[in-house]
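Hi,

Here is the structure I promised to pass on.

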Amino acid sequence: MRASGVLLPISSLPSAYGIGCFSKEAYKFVDKLKKAGQTYWQILPLGPTSYGDSPYQSFSTFAGNPYFIDPADLAERGYITKRCCNRYDFGDNEEYVDYAKIYDSRFVLLRQAWKNSRIAEEPEFRAFVRENAYWLDDYALYMAVKASFGNVCWVEWDEDIKTRKPAALKAYREKFADEIEFYQFQQYMFRVQWEKLKTYANSRGIKIIGDIPIYVAFDSSDAWANPQLFQFDKDCNPTAVAGCPPDAFSATGQLWGNPLYDWDYHKKTGYEWWMKRLESCFKMYDVVRIDHFRAFDEYYSIPAGMKTAEIGEWKPGPGYALFDAMKRQLGEKQVIAEDLGFLTPSVLELVKRTGYPGMKVLQFAFDSREESDYLPHNYDHNCVVYTGTHDNDTVLGWYQKLPAKDKNFCKRYLNLGKVDNEELKWEFIRAAFASVADLAVIPMQDYLGLGSEARINTPSTLGDNWKWRMKKDAFTDKLAKEMKEMTKLYGRLQKEEKEIAAE
């Protein structure tokens, strides 16, 4: 079925609290997507972010980001006052997140709400803690202990708790019982608010596409609680780390630094941890985009201690065995395989065997030197086409920087004349919508016709990423109408919308 959607991170929503969250603005965005005839809302990973504020480097693959908890909802529950919500400095720039101010204020507000909540008396909270104990016990303890050690990574903790000696675990759980409940409270409120928002979106005919990073962060409860899952030495230090080799985009490659999986161990367990991880994701989202899918076929291994990704080697991943286990244990699920970059025949075969749609990015298509798989006439229907992703510049910003030969090729392919910026964005969106791809997903910045100032992330850089936010009234009724017209024109309207339009 042909459909379309919009890519917008939760953090990029407008709100009164310095960062997008599960507030009334999120519900208004869902309503606008409905009005625009869209079927999907794609977001970025929802985990609690660490240094650098990247959603792809999280303290837990199971936990939710406490920044996304709506303070107004806490006020409605009587945990804090509305005046309290407005007391803190969350930053005053409606277009960009000030993470330093969010960090300094949000947890103070949440702690006050927790103290007033008497949450332990609520049966729903106690049930949540029991049902999620398999990850929540370790996560809440991890965050409490981490704070007690000045927030350093777990590998720098005292040896007894670093290596999870039973006596140490018991002692720390008793010592930090209140702090543990505070982190449990955060996760409970996150989950309650998220499930309410997702239920609302689904009721409006909007499905959520979530995003799962293939790797977890070294500084995470996942790595601390399950060292056997990773390529660690006897002192729990990584022997090799993840990244990408040098290519046309980076002369020294990308050194991500995430620990690599011990796939032999995972295989022996029937991929038990992965099944829990994926099952949790499918409870959270309607569709799951798996980042860096090619690493399931082969992953790039960089010896620990390297300063760049120039030295490394490709090693075999689990291949189809993991997805075979997933299909047997969890059933058929909707997955998008992030298969961008250089793809070997074996990667292509893995994607084909799973049956999952891969990704096509229009910005990758216009290389005047060679024929590209990203050109729309080369697609088959089982794919998802994007004008760009969170790692790309906006269409406008990208086009303005395009080399002359590539720009000329782009103009000829899309039949562009002397178009202004408004026309330019629609011609790129038109190319995506007109393609045979089953699903077309457009970043909100491209619908808004914004330039490089609205870029979400520049890979391999720190300090200025994940900050962009949509202005409060930017998603107008006029834009929603234009989106719906384009969606209808190329046969991507929701079913009920088609029926209404036919009447």
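Predicted model: local features only at pLDDT ≥ 70, side-chain atom pairs only at ≥ 80, totals over all residues.

Residues are numbered from 1 along each chain as its sequence is written, and side-chain values use heavy atoms, with hydrogens and water left out.

K82 is exposed, at 63% relative accessible area (buried means under 20%, exposed over 50%, partly exposed in between, with a 1.4 Å probe and protein chains only). Together with K24, K28 and K472, K82 forms a patch of positive charge on the surface. Patch members have over 30% relative accessible area and no salt bridge, with like charges joined within 9 Å and nonpolar side chains (Val, Leu, Ile, Met, Phe, Trp, Tyr) within 5 Å.

On to the salt bridges (a side-chain nitrogen of Lys or Arg within 4 Å of a carboxyl oxygen of Asp or Glu). The count comes to 26. One of them pairs K101 with D89, with 3.3 Å between the closest N and O atoms. K101 belongs to helix α4 (residues 99-117), while D89 is in the loop between α3 and α4, twelve residues apart. Both are partly exposed, K101 at 29% and D89 at 45%.

R111 and E179 also form a salt bridge, at 2.5 Å from N to O. Because R111 lies in helix α4 and E179 in helix α9 (residues 177-203), this pair ties together parts 68 residues apart in sequence.

What about R289 and D211? Their side chains meet in a salt bridge of 2.7 Å, N to O. R289 is in strand β6 (residues 287-290) and D211 in strand β3 (residues 207-212), so the pair connects parts 78 residues apart in sequence. R289 is buried at 3%, and D211 is buried at 3% too.

Finally, the cysteines. Searching the whole structure gives zero disulfides (pairs of cysteine sulfur atoms within 2.5 Å). For C21, the nearest cysteine sulfur is that of C85, 10.0 Å away, and C21 is buried at 0% relative accessible area. C236 is in no disulfide either, with the sulfur of C153 the nearest at 10 Å; C236 is buried at 11%.

Best wishes

Note on methods
Areas by Shrake-Rupley, 256 points an atom, 1.4 Å probe, with all protein chains shown as cover. Lys, Arg positive; Asp, Glu negative; His and termini not counted. Charge placed at Lys NZ, Arg CZ, Asp CG, Glu CD. Helix = DSSP H or I, 4+ residues; strand = E, 2+ residues; numbered from the N terminus.
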